[in-house]
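Visitor: I have a model open and some quick questions. Can we walk through it together?
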Amino acid sequence: MPEDLQCRAEQKTSPLSGLRSTLGNLAEDIQRHIVTTLGNEIYGQSHYRYFNGLAYSIRDRLIRAWLNTQRDYYDGLVKRVYYLSLEFLPGRFLMNYLTSMGLEQGCRGVLEKLGLALEDLEEVEWDAGLGNGGLGRLASCYLDSLASLKIPGYGYGIMYDYGIFYQNIVNGYQEESCDNWRRRGNPWEIVRREHLYEINFYGRSEAYRDAAGVPHYRWMDTERIMAVPCDILIPGYGGDHVTNMRLWAAQSSRDFNLTVFNRGDYAGAMHDKVMSENISKVLYPNDQAEPGKELRLKQQYFLVAATFQDILRRHKKQHGTLAGFADQVAVQLNDTHPAIAIAELMRLLLDVELLPWEQAWELCTRTFAYTNHTVLPEALETWPVELIGRLLPRHLEIIYEINHRFLKEVEARYPGDGERRQRMSIISEGGERRVRMAHLAIVGSHSVNGVAALHTQILQANLFRDFHQFYPGKFKNITNGITPRRWLLQANPALSRLITEAVGPDWICDLDRLRNLIPLADDRTFRQAFAGAKLENKKRLARYVLRKMGLGINPHTLFDCQFKRMHEYKRQLLNILHVITCYNRLKEHPEAPATARTVMMGGKAAPGYHRAKLIIKLFNAVAETVNHDPEVRGRLRLLFLPNYCISQAEKVIPAADLSEQISTAGMEASGTGNMKFALNGALTIGTLDGANVEIREEVGPENFFLFGLQAEEVDQKRRTGYHPFEYYERDPELKRAVDQIGSGRFSPGQPDLFAPIVEALLGGGDYFMVLADYRSYVDTQGRVDDLFGDPEAWTRKTILNTANMGKFSSDRAVMEYAGQIWGIRPLGK
């Protein structure tokens, strides 16, 4: 252990006290970094320069606390968890750091004396393009909770140069461009080149015997690249416990070929270097073509190979040998993307450490735990055997051996049941032989968990029923959670202040304390203050929309929000059908009373997902018609906010009145957007899907707008026969809305533009039950209108939503992982 990590705990001072005591030097530190780090003059008020000066100054303070945290880990000989995720979605760092460290107000004061506003500097920072959707945001919430709870651990991922893509809306269509989030530098990352690791691909596996005649294998004739670790610090609330996520950047093991360069073939000279470094170039390369598939698998192996070299280095540095490895190391696989780690750890233990199979396998299975994030069989990741065999030949051998031994156990338990062995095999034999990564993760882990009660029930009863029967007790439920520091304290300062004034600040780290708000739902003064905070947030969002899109929205209308990844099962199309119905009613009965709505939607469609992209176009086409119709002006307005991201969510979520969580029942694993909206006082209209089930239980059925088929009813209709045309024919409002879409009412000059959408509903079987749930949804939206017309009753329900969301803190979820799966206790406990 380096000497700087060996000082005794009693010699340390509190990092938080040190941070606050140096706040008075912040202005000097900012200007020093502008001069010495950026090489610029301090004169003028360049937001870019002062943002970076402030960022480096805050990072200085975090590094001191991080060093103290690492000393605590080493001094305490603690077990650590390693959270492996192919994506994280941290958003912007500056405000999150200031909030966690308790420095926001002090920083504002310092900047004001310099003639600057913190909000202006905040806008300089781009959202980190390290993730895409809920999977990455969940990982970031969990890292916040690990740090805040003082649970020893780290996040491991990839330092992508480019995010998935930047979304623009052009003529109503989604257009993708590069999300070059690092183009102006990233002051938060710390590159640690002393820990470069060599990563191998291709080659061949060779058998040999050692001097004692014991057979072994080695991986030969490989292509090599280097993994460069880049740390980004993650402070817990209070600032005295700081961990990090370690992100790997790919670097060629060779520089360019000088001989080829001197011949004039400049591109050829750089070819190997460019191809090697593509691995960390972009998040989720398009894997429709073979090169994209290969690059995606390379990314997954690159992450786990570098991570396990780092884990073994750290473990041996402290313990010398692998004795007690599984007692000191827990590895959580965030979905199947890092599941190749099981084969990689076995390779290291067998081929490098030369352990016998039984000992290596026992150590491996005690180390890994796997979180599943889907209920859809077609979404379970598989890889062609041919591709793995070419890219990772030794790993394929190991996977075959794992499968061989596992199927022998299955045969012993269920003799003669060939169909069961085929269902449970890690290798799918039908057609192209493929490796089922979820099966590998289940067999190679000591724990498997779903992420909502309904989701886990579906895993146990349907998706992984054979495995649940084979491994009783292995499957658990840990419902997802969100960090209240980011999604209430930071994102919603108006509501946070009100809550703290009412019940004190302890809710920030103990979200169950929000239950103390329940009696205040019947306090008229508090209801007025709560509604005032909501209106303040709606005005803030209105200013943002005006600045970004040039559109005005009325904050006194009902803000009806659906913001999530664009996918047919999330049923943005159902929302659109309701909007068209509202428009038709307003046109037919302009004198009838109606709740004024502003319907907002946001989310990205995968570049190759043409149906989802067409639904974006449909929403914008309907918006074009509605927003330019003077007969409905002031009563109905639509807008699609482009490039939905964390920093945008922090403005949308606190302002929402109605949260649209309307996926087909049984198809959403959990969701966390539903939690964020409800925590911030939005009422939910939703199906009994994912975590909606538990949210409704917590907030009370009377405070949740439930509609639609339940999961078992959806399954029954699919089994016994579902006829969407019957729903279309017998519901005049539905028929009219669908016909308007299909006839070109919203696409003048292109009447067939949306024909594929209509065909999917009427001719394609309406797999996602849009038409089946339409009438229930529209009628429930009528109940929404009625309640919004009674502001006192509406606000009372919003308070009760916020007050009863304590269960959905990521702190609760992480403590369940720590206690039930990792076997880790917070430091000092």
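This is a predicted model: local features need pLDDT of at least 70, side-chain atom pairs count only at pLDDT 80 or more; totals for chains, interfaces and linings use all residues.

Visitor: Good. What does histidine 373 touch, leaving out residues up to four places away in sequence?
Guide: On that count, histidine 373 touches Leu135, Leu138, Asn334, Asp335, Val451, His455 and Ala669.

Visitor: Which side chain makes a polar contact with the side chain of histidine 373?
Guide: That of asparagine 334, at 2.7 Å.

Visitor: Where is histidine 373 found?
Guide: In the loop between strand 12 (368-371) and strand 13.

Visitor: And is histidine 373 buried or exposed?
Guide: Buried. Its relative accessibility is 17%, and the cut-off for buried is under 20%.

Visitor: How many bridges pair strand 13 with strand 15?
Guide: Three, in the antiparallel sense; strand 15 covers residues 434-436. Threonine 382 stands opposite arginine 436 there.

Visitor: New topic. Where does threonine 365 lie?
Guide: In helix 13, residues 357-367. Threonine 365 is buried, with a relative accessible area of 17%.

Visitor: What does the side chain of threonine 365 reach at 3.3 Å?
Guide: The backbone oxygen of glutamate 362. Not counting residues up to four places away in sequence, threonine 365 also touches Val443, Gly444, Ser445 and His446.

Visitor: Is cysteine 509 buried or partly exposed?
Guide: Partly exposed, at 39% relative accessibility. Cysteine 364 is buried, with a relative accessible area of 0%.

Visitor: Let's move to strand 21. Which way do its residues point?
Guide: Leu658 and Glu660 point one way, Ser659 and Gln661 the other. All are buried.

Visitor: How does strand 21 pair with strand 18?
Guide: In the parallel sense, over two bridges; strand 18 is residues 558-563. Cysteine 561 stands opposite serine 659 in strand 21.

Visitor: And how many bridges join strand 21 to strand 22?
Guide: Four, and the two run parallel. Glutamate 660 has isoleucine 685 as its bridge partner in strand 22.

Visitor: Which helix makes a β-α-β unit with those two strands?
Guide: Helix 26, residues 673-679. The unit of strand 21, helix 26 and strand 22 is right-handed.

Visitor: Last one, helix 21. Which of its residues are buried?
Guide: Ala494, Leu495, Ser496, Leu498 and Ile499.

Visitor: What covers those buried residues of helix 21?
Guide: The cover includes helix 20 (484-490), helix 22 (524-549), helix 26 and helix 33 (791-803).

Visitor: And what follows helix 21?
Guide: Glycine 504, with a positive phi near 90°.

Methods
Residues are numbered from 1 along each chain as its sequence is written. Side-chain values use heavy atoms; hydrogens and water are left out. Buried means under 20% relative accessible area, exposed over 50%, partly exposed in between (1.4 Å probe, protein chains only). Two strands pair if DSSP finds at least two bridges between them. A crossover is right-handed if, with the strands pointing away from the viewer, the path from the first strand over the helix to the second runs clockwise. A polar contact is a pair of N or O atoms within 3.5 Å; within protein, one must be able to donate a hydrogen and the other to accept it, and residues adjacent in sequence count only if both atoms are side-chain atoms. Contact means heavy atoms within 4.5 Å.
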